[in-house]
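Here is a short briefing to read alongside the structure. Take a moment with the view below, then follow the points by topic.

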Amino acid sequence: MEFLSNEWYEAANQALQDVDIGNTDLSVAYVFGQSSHCIILTDGKASVSRECESVDVTLRQTRDVAEELRKGSLSALTAIQECLIEVEGDVGRLLAARDALAAVD
């Protein structure tokens, strides 16, 4: 299944149906090259979408970094520490949502 294809979104949202994110309310945009997607955490549910109406945090990285993150050969924390990911927005909310984001991951 191709990453970010229609089938990928369907499968990802299906997999996220039973993930408990508690009362976290956050939207995170992942931008790489000309592509992007958004993880939305709200009302105790998680979902992924091609677009967000508004985002709390934007994470920008190259396509290569995004691929390494997806494969698990690079951790997000390491990528941020090495300035491979540019973080924009409310970093405090991002850190507060780390458990919910780990559940989604």
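**Around Leu 26 and beyond**

Leu 26 touches Ile 39, Ile 40, Leu 41, Asp 56, Val 57, Arg 93, Leu 94, Ala 97 and Leu 101, leaving out residues up to four places away in sequence. Please keep in mind that this is a predicted model.

**The nonpolar core**
- Leu 26 and Leu 41 have the most contacts inside the largest nonpolar core, which has 28 residues.
- At least two residues of this core come from each of helix H1 (6–16), strand E1 (26–32), E2, strand E3 (45–49), strand E4 (57–61), helix H2 (63–71) and helix H5 (98–104).
- In soluble globular proteins, nonpolar side chains tend to be buried together.

**A buried histidine**
- His 37 sits in strand E2 (residues 35–42).
- With a relative accessible area of 9%, His 37 counts as buried, because the cut-off for that is under 20%.
- Beyond neighbours within four places in sequence, the contacts of His 37 include Phe 3, Trp 8, Tyr 30 and Arg 50.

**Overall build**
- The protein has five helices and five strands, and from the N terminus on they run α-β-β-β-β-α-α-β-α-α.
- Its radius of gyration is 13 Å, close to the 13 Å that the globule rule gives for 105 residues, so the protein is as compact as a globular protein of that length.
- Of the 105 residues, 35% are buried.
- Among contacts between residues at least 6 apart in sequence, 61% join residues at least 24 apart.

**Surface and charge**
- The accessible surface is about 6,700 Å², and 46% of it belongs to carbon and sulfur atoms.
- The protein has 8 positive and 19 negative charges, whose mean positions are 2 Å apart.

How values were computed: Residues numbered from 1 in each chain as written. Predicted model: local features only at pLDDT ≥ 70, side-chain atom pairs only at ≥ 80, totals over all residues. Heavy atoms only, no water. Helix = DSSP H or I, 4+ residues; strand = E, 2+ residues; numbered from the N terminus. Buried < 20%, exposed > 50% of the residue type's maximum accessible area, 1.4 Å probe, protein only. Contact = heavy atoms within 4.5 Å. Core = buried A, V, L, I, M, F, W, Y, C linked by side-chain atoms within 4.5 Å. Rg over C-alpha atoms; globule rule 2.2 N^0.38 Å. Areas by Shrake-Rupley, 256 points an atom, 1.4 Å probe, with all protein chains shown as cover. Lys, Arg positive; Asp, Glu negative; His and termini not counted. Charge placed at Lys NZ, Arg CZ, Asp CG, Glu CD.
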